[in-house]
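Please read the notes below alongside the model. They take the fold, then the core, then the aromatic rings.

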Amino acid sequence: FLIISGSAIAQPADTTKAAVSGAVSVTNNGISLVPTFNLGKPAAVFDLSVSKKRFSFEPQFAFSFQEAKPWYFIFWLRYKVIETPKFKLRAGFHPGFVFSTSNLTNNSVTSEYFTTARYFVGELAPSYAVSNKASIGLYYLQSHGFNSDLKVLHFVGLNASFQNIGLGSGYALKAIPQLYYLKMDEKQGTYLTSTVILTRKNFPLAISSVVNQKIKSEIPSKDFVWNISLLYLF
């Protein structure tokens with residue numbers, strides 16, 4: 001969603017019409033909304049944003065690219081609580097569904113079946129513009145799991161955004177570093193992550209990369225995770 005909000009080519013703002021934007025991305029390694037976790041294989045992600053005034057609906061559909069199976073579906077509803085030139089505050093929530101496959105053996109016959117974990121997630125995201133190209137912010141996310149081993153997740157991030165960094169010939173770079181704390185039930189950890197996006201003016205394709213480095217954590221995960229993605233923006 002950071003990629004869409006910073007790079008997508010949206011329709012002109014209109015008080016009577018909804019603005020529509022989105023992105024389709026293909027990546028060598030799917031990384032989730034919480035970058036501690038990754039699919040570990042290529043993924044395709046479809047994003048859509050439909051907004052009018054201060055409200056927006058932003059569904060996201062992620063699939064395992066090789067297996068052509070769903071990975072997760074989320075349906076964000078967001079509201080701009082405060083919108084000034086310097087300070088912004090966004091609030092949102094979504095129902096989410098994470099899909100996985102399991103093998104069940106019955107009478108020596110092994111069958112594969114889908115399981116779906118359901119989550120209800122809320123967020124708060126204040127940010128302050130230091131200049132027209134840089135801002136700092138906080139991000140808080142809380143997730144409650146249903147029919148899932150994970151019951152409660154807390155995510156607190158301190159982030160910065162540097163955008164429209166000119167590289168010449170119409171190319172621009174956006175960088176979003178973030179230091180975050182993650183607590184999952186009784187386990188916790190701290191991490192450093194960053195998203196970098198390369199775009200070209202009036203060109204629908206972009207390249208992005210996400211890296212995530214564990215600092216100290218009790219949560220089982222890889223110490224270092226990265227990906228590179230090709231995006232089509234509309």
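1. This is a predicted model, in which local features need pLDDT of at least 70 and side-chain atom pairs count only at pLDDT 80 or more, while totals for chains, interfaces and linings use all residues. Residues are numbered from 1 along each chain as its sequence is written, and side-chain values use heavy atoms, without hydrogens or water.

2. Strands are DSSP runs of E, at least two residues, numbered from the N terminus; two of them pair if DSSP finds at least two bridges between them. Strands β1 (19-27) and β12 (224-233) are joined by 5 bridges in the antiparallel sense, and Thr27 has Ser229 of β12 as its bridge partner.

3. Rings of Phe, Tyr and Trp (its six-membered ring) pair if their centres lie within 6.5 Å; planes under 30 degrees apart are stacked, over 60 edge-to-face, the rest tilted. Phe46 and Phe63 have ring centres 6.0 Å apart and planes at 80°, so this pair is edge-to-face.

4. Phe46 is partly exposed at 34% relative accessible area, as is Phe63 at 26%. By contrast, Tyr180 and Tyr191 are both buried. Buried means under 20%, exposed over 50%, partly exposed in between (1.4 Å probe, protein chains only).

Terms used: Helices (H or I, at least four residues) and strands (E, at least two) are DSSP runs, numbered from the N terminus.
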